[in-house]
Amino acid sequence: MAKTTSQAPAATSGKKAPKPVNPVVNFYLIIYNWASFAAWAYVLVQTVGTLLTTGNDFSKVYEVVGDQLVWIQTAALLEVFHSLFGLVKSPVSTTAIQVASRLLLVWGICTLFPVPEVRSYWAFSTMAIAWSITECIRYAYYALNLVNLGPSWLIWCRYTFFYILYPVGAGSEAIEIYQALPFANTIHPGYYYFLVGMICIYPPGFFVMYTHMMGQRKRYLGPAKAKKSE
């Protein structure tokens, strides 16, 4: 999401001055990001707490956080509108694809198929944990950037934790879709083949996102960045 920038006159080189920040939009985005952080932190604490108190009984996790996870993730639709109306710099198409893929999991898999093979399977728990940690870091990073704060440890977390969280999250998502395949034909044969297609898309899609984040890590944490901070 967009960082705050100060208004400045145009440089003599012909570059345009940074666009002034709308304080109302900035305030809204700060509230949105901290609220999202709190919601995902709740899911994380409840998921981990349930596993600890039940001796890693994965069948209990959806009962505790399933409904909350569905609605918290659905609320991320707002991010598509943030991008569409220019509140943030994220591309509309990229944001829409990322949100839609998550909505497929929470509505098209977990809600549509209320069976133990989907909701009680261990992959739901690992998916919830990976999503929650990723989103807590992301929303805290965005919220602090909006007030020109960016602690180095949080930047390090954002561009390092993905090494583990991306494979765990994407792998858990694909497994959840696979678990739903035997039940997809009860909806429509076409939905079964759609889900098969989605599973096939995961490996190349994961490769693109993973290598992109590796590039971002070099950009923000690489030797060149370290020299600039000295």
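Serine 125 is buried, with a relative accessible area of 0%. The model in which this value was computed is a predicted one. Serine 125 belongs to helix 6, which covers residues 122–145. Leaving aside residues up to four places away in sequence, Serine 125 touches Thr47, Leu51, Phe58 and Val61.

A further contact joins helix 3 and helix 4. Helix 3 spans residues 77–84 and helix 4 spans residues 92–111. Their axes come within 9 Å and cross at roughly 175°. Angles over 145 degrees count as roughly antiparallel, and helix 3 and helix 4 are therefore roughly antiparallel to each other. On the side of helix 3, the contact is made by Leu77, Glu79, Val80, Ser83 and Leu84. Helix 4 contributes Val92, Thr95, Ala96, Val99 and Leu103. By residue class, the contact of helix 3 with helix 4 consists of seven nonpolar, two polar and one charged residue. Glu counts as charged, and Glu79 of helix 3 is among the residues that make the contact.

The cysteines were also examined. Zero disulfides are found in a search of the whole structure. Cysteine 157 has a relative accessible area of 12% and is buried, because buried means under 20%. Cysteine 200, in contrast, has a relative accessible area of 52% and is classed as exposed, because exposed means over 50%.

Definitions and conventions
Residues numbered from 1 in each chain as written. Predicted model: local features only at pLDDT ≥ 70, side-chain atom pairs only at ≥ 80, totals over all residues. Heavy atoms only, no water. Disulfide = S-S within 2.5 Å. Buried < 20%, exposed > 50% of the residue type's maximum accessible area, 1.4 Å probe, protein only. Helix = DSSP H or I, 4+ residues; strand = E, 2+ residues; numbered from the N terminus. Contact = heavy atoms within 4.5 Å. Axes fitted to C-alpha atoms, helices over the stretch in contact; angles between N-to-C directions. Parallel < 35°, antiparallel > 145°, perpendicular 65-115°, else oblique.
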